[in-house]
Amino acid sequence: TGGSQPHEYHAIRSDGTIFPVIISSSPIIKSGSFSGFRGIVLDITEQKEAAEALARSEEKYRILVEHIQDGIFILQNGILMFVNPAFAEIFETTIDAITGRKMIEFIAPEDREMAISRHHRRLAGEKVPERYEFLMLHSDGQTRILVSMDIGMTSFQGQTATIGSIRDITKERFAEEALRESERRLASVIDFLPDATFVIDRDGKVIAWNRAM
């Protein structure tokens with residue numbers, strides 16, 4: 001009835017192994033009657049293996065990015081082109097609500113100038129810190145979130161882009177400050193005790209003492 005569209009089949013080699021091919025054909029008409037087919041057979045084993053390897057690689061990448069605890073993002077022309085679930089979770093919002101927005105909107109006003117300056121210097125090829133801490137804004141636009149960011153340059157859809165990860169260290173830093181404050185208070189109390197108070201190590205050396213001592 002006419003030529004066929006290329007179609008994928010499984011073929012069998014002389015040794016019995018099965019391999020993928022693409023076959024396209026058209027009828028041969030002689031004296032107005034059908035007499036056979038002419039066609040092309042393409043062995044696509046290498047292409048199929050490459051496609052399967054790529055699919056496996058993409059699946060591993062997807063699993064890693066979707067389940068990693070750090071927030072991953074790709075920034076291009078100041079726009080968040082991609083974020084993973086952990087990134088959205090840090091701001092207690094959704095991926096759709098963040099993707100396509102300007103990164104600057106999520107940086108606290110007091111740290112915007114520093115972040116913008118480093119971003120422009122990085123794009124210009126200057127050497128700037130790849131890891132630093134700064135304040136970002138929660139999706140409510142008010143609450144500050146202290147993050148630690150690792151960042152670098154990459155290519156995305158054929159154009160220069162920035163790729164990075166952020167980790168919310170707000171609670172961690174708050175705990176550190178609380179511990180330091182507790183230690184300061186304890187030291188102050190001990191220092192003003194009326195009794196001579198001291199601490200010695202395992203070798204019997206005095207390593208701390210108060211005023212009374």
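**View 1. Strands β4 and β5, side by side.** β4 (71-76) and β5 (79-83) pair in the antiparallel sense over four bridges; two strands count as paired if DSSP finds at least two bridges between them. Strands here are DSSP runs (E, at least two residues), as are helices (H or I, at least four residues), and both are numbered from the N terminus. Look for F73, which stands opposite V83 in β5. Keep in mind that this is a predicted model: local features need pLDDT of at least 70, side-chain atom pairs count only at pLDDT 80 or more, and totals for chains, interfaces and linings use all residues. Residues are numbered from 1 along each chain as its sequence is written, and side-chain values use heavy atoms, with hydrogens and water left out.

View 2. Five strands make up an open, antiparallel sheet, running β5-β4-β8-β7-β6. At the edges sit β5 and β6, each pairing on one side only. On average, neighbouring strands are turned by 40° against each other, direction ignored. Helix α4 (residues 109-123) packs on this sheet and touches β4, β6, β7 and β8, where contact means heavy atoms within 4.5 Å. The direction of α4 makes about 135° with that of β6; axes are lines fitted to C-alpha atoms, for helices over the stretch in contact, and angles run from 0 to 180 degrees between N-to-C directions.

**View 3. D70 and R167 join up.** Here the two side chains meet in a salt bridge (2.8 Å, N to O), that is, a side-chain nitrogen of Lys or Arg within 4 Å of a carboxyl oxygen of Asp or Glu. D70 comes from the loop between α1 and β4 and R167 from strand β8 (residues 159-168), so the bridge ties together parts that are 97 residues apart in sequence. D70 is buried, at 16% relative accessible area, while R167 is partly exposed at 45%. Buried means under 20%, exposed over 50%, and partly exposed in between (1.4 Å probe, protein chains only).

**View 4. R131 meets D150.** This salt bridge spans 2.7 Å from N to O. R131 belongs to strand β6 (residues 131-137) and D150 to strand β7 (residues 144-156), so parts 19 residues apart in sequence are tied together. R131 is exposed at 58%; D150 is partly exposed at 28%.

**View 5. E8 and K48, a strand-to-helix link.** The closest N and O atoms of this salt bridge are 3.0 Å apart. E8 sits in strand β1 (residues 7-12) and K48 in helix α1 (residues 45-67), 40 residues apart. Eight salt bridges turn up in a search of the whole structure.
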